[in-house]
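Hi everyone, thanks for making time. I'd like to walk you through one structure today, so let me put it up on the screen.

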Amino acid sequence: MPYSLGEDEVDAVRQVIEKGYLDRYINGDDSISSQFEKEFSKKLKVKYSLAVSSGTAALICGLAGMCIGPGDEVIIPAFTYIATALSVLAVGAIPVIAEIDTSLTLNPEDIKRKITKKTKAIIPVHMHGLPCNMTAIMQIAKRYKLLVLEDVAQACGGSYGSRHLGTIGDAGIFSFNHYKIITCGEGGALITDKKIFHQRAIVQHHGGCIFEPGFTRLGIKAFAGWNFRISEISSAILRVQLSKLDSILRDLRKEKRIILDCLSNVVSPFTFCPIHDEEGDCGRVVFLQFTSRNQANTFFQKMKLNNINAWFVNTKGHVYSDWEPILKKRGAHHTQRDPFQLSKNSLNISKNSFPQTSSILQRVIGISTQIGRSRKELRVLTDVLCNTIKESY
Ligand SMILES: *Cc1c(COP(=O)(O)O)cnc(C)c1O
């Protein structure tokens, strides 16, 4: 990734530059960014979208939209990109970490154990395109009156049951950075059906909206926000990328199917990680679960010898044990803005705090799918993969 960028994106960027308007609000809100938002809302069947400058910005706008702040706790998984935790701190709240299970997503049982009087929201993260157990999570949210902000940064276009990921909870966020399913380099979006969350997010992302001509139509009081605006260049790229989303997902899912079919035909030392909705999975990675780290490592070394790009899922930055600012409880640039200092919370976490997550992640290996790979290249991959397994086990 991103192999899906091409001439269409180049043309779209050229048009923006030739027109000369790079700021989305320069002509009121008659902008490419607002066109993208309309198309994104339509695609995901949701009322409101707000394009922003990054996935992290989208998380912050989502939490600000929900009015989450000092004194609040937000439950997040121990396996996610650190931005999920950082955004909670950015609005002044405390990220409370919960275990994942073998689906590599939030373990609903552990969510329940982490709920306190201060809990306001849950952020389920659909890691690597894998849908969380949204049925269980929404039940818990309903029972304890918690808000749900879905982190769909890695799963754009994925679904759960009949609904798109990001539309099941109260709001959803996306990232369009270089590594995500569709990309504009850096970018993000917030989606929601709740008008007030959308309105507050607009204020949050646009410096309090003092320049926004249509601001009065928002009908809410301005407050001090930041600048998380998206550029028209990014939105122009995103519009093209969105039009390719279906075909990108089709390619990824087809590759995954072929790899799975090949692996199912060999006697293997691993099992596949369970998926809460196989059809809704974006198809980005095939996850193999071993019974021990040793066994996983032996397999990993064999794959490496045969030039197969397999990887351990506990990659840098994506596991709680790597989150130094959280482990060390340095929650802001200034102690008086640091939620860890302000709330006399007893959250004490160390590298060993989430044994279930650590144990799972150290013995799960991923094999990524790719878009734009030829049939022949894929054939070579599956042949080498399966022959290596047949010879070794
Ligand atoms: C990428 C990512 C983010 C943050 O997105 P940025 O665009 O890099 O700010 C948040 N959550 C998850 C799960 C991600 O993978």
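Helices here are DSSP runs of H or I with at least four residues, strands are runs of E with at least two, and both are numbered from the N terminus.

Quick housekeeping before we go on. This is a predicted model, where local features need pLDDT of at least 70 and side-chain atom pairs count only at pLDDT 80 or more, while totals for chains, interfaces and linings use all residues. Residues are numbered from 1 along each chain as its sequence is written, and side-chain values use heavy atoms, with hydrogens and water left out.

Back to glutamine 199. Is it buried or exposed? Glutamine 199 is buried, at 9% relative accessibility. By buried I mean under 20% relative accessible area, with exposed being over 50% and partly exposed in between, using a 1.4 Å probe and protein chains only. If we skip residues up to four places away in sequence, glutamine 199 touches Leu218 and Ile220. Touching, or contact, means heavy atoms within 4.5 Å.

Okay, cysteines next. In general, a disulfide is a covalent bond between the sulfur atoms of two cysteines. The link between cysteine 262 and cysteine 386 is right-handed, with 95 degrees about the S-S bond. Look where the two ends are: cysteine 262 is in helix α8 (residues 232-264) and cysteine 386 is in helix α13 (residues 375-392), so the pair ties together parts that are 124 residues apart in sequence. Both ends count as buried: cysteine 262 has a relative accessible area of 15%, and cysteine 386 has 6%.

Cysteine 132 is buried, by the way, with a relative accessible area of 0%. Cysteine 282 isn't in a disulfide either; its nearest cysteine sulfur belongs to cysteine 156, 7.6 Å away. Cysteine 282 is also buried, at 0% relative accessibility.

Let's move to the ligand. Which residues are closest to the ligand? There are 16 residues around it, and the closest are Gly55, Thr56, Gln154, Ser175 and Lys180. A residue gets into that shell if one of its heavy atoms lies within 4 Å of the molecule. The helices α3 (55-65) and α4 (83-90) each supply at least two shell residues, and α3 gives the largest share, three residues. Sorted by class, the shell has five nonpolar, nine polar and two charged residues. (Nonpolar is Ala, Val, Leu, Ile, Met, Phe, Trp, Tyr, Cys and Pro; charged is Asp, Glu, Lys and Arg; the others, Gly among them, are polar.)

Zooming in on a few side chains: an N or O atom in the side chain of aspartate 151 is 2.8 Å from a nitrogen atom of the ligand. The side chain of glutamine 154 has an N or O atom 2.7 Å from a ligand oxygen, and a polar side-chain atom of serine 175 is 2.7 Å from an oxygen atom of the ligand. On its own, the ligand has 380 Å² of accessible area, and the protein covers 94% of that. Those areas come from the Shrake-Rupley method with a 1.4 Å probe.

Last topic: backbone angles. Most residues other than glycine have a negative phi. Leucine 104, though, has a positive phi, near 65 degrees. Leucine 104 is in the loop between β3 (94-98) and α5 (108-114), and it's buried at 0% relative accessibility. Lysine 329 also has a positive phi, about 55 degrees, although it is not a glycine. You'll find lysine 329 in the loop between α10 (324-327) and α11, partly exposed with a relative accessible area of 21%.

One more link from there: glutamine 341 touches Lys329 and Thr335, again not counting residues up to four places away in sequence. Glutamine 341 itself lies in helix α11, residues 339-342, and at 47% relative accessibility it's partly exposed.

Definitions and conventions:
Disulfide = S-S within 2.5 Å. Polar contact = N/O pair within 3.5 Å; in protein donor to acceptor, adjacent residues only side chain to side chain.
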